[in-house]
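Please look over the model below. A short report on its fold and surface goes with it.

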Amino acid sequence: MQYQTVVLPPELAIDPCFMRIWNELKIKKKINCIIVDEAHCISQWGRDFQSPYKDLSHLHVVLGEVPWYLMSAMLHSQVLQDALCIIGLSQNTAIYCHSNDRPNIHLCMRKMIHPITSHFDLAFLVLLNPCINNLDWVRQYIPQFLVYCNS
């Protein structure tokens, strides 16, 4: 077998070309699990008319009893039950919940008021007059951070 892991977005996984591949018995026998990252999207977008997420149920039917793993930091019980329903998985599916709580991570939300290209809305993360060419200064005064923007 040439590949051990194949990563596909839902729209490719249910594409007619891939569906023909999934239907081949020698390929089907080699699939040991399906993992869906950001599985809350199944519930959020899986009811839309043209959504590939709603068609993941076709993949479940074609592959049969292959185990599915749904991963998400935002998969509360109602969203999980909805995702199971959309895919066609049993409501009695075994569920393993693990916390992603990290005491060293804090959430801060700020409304952007400056043009995005100015980066001024990120100024609160870095001290004035930074010495960014001095690696020791950067390590001491600039904490690690992650910036997420929804657009």
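The report runs from the whole chain to a single residue.

This is a predicted model, in which local features need pLDDT of at least 70, side-chain atom pairs count only at pLDDT 80 or more, and totals for chains, interfaces and linings use all residues. Residues are numbered from 1 along each chain as its sequence is written, and side-chain values use heavy atoms, with hydrogens and water left out.

**Fold.** Seven helices and two strands form the chain's elements. Their order from the N terminus is α-α-α-β-α-α-β-α-α. Helices (H or I, at least four residues) and strands (E, at least two) are DSSP runs, numbered from the N terminus.

**Whole-chain values.**

| Property | Value |
|---|---|
| Radius of gyration of the chain | 21 Å |
| Box filled by the C-alpha atoms | roughly 65 × 40 × 30 Å |

The radius is taken over C-alpha atoms, and the globule rule is 2.2 Å times the number of residues to the power 0.38.

Of the 151 residues, 26% are buried. Buried means under 20% relative accessible area, exposed over 50%, and partly exposed in between (1.4 Å probe, protein chains only). Among contacts with a separation of 6 or more, 59% join residues 24 or more positions apart. A contact means heavy atoms within 4.5 Å.

**Aspartate 101.** Where does aspartate 101 lie? Its place is the loop between helix H6 (77-87) and helix H7 (135-141). Aspartate 101 is exposed, at 57% relative accessible area. Serine 51 is 50 residues from aspartate 101 in sequence and 31 Å away in space, C-alpha to C-alpha.
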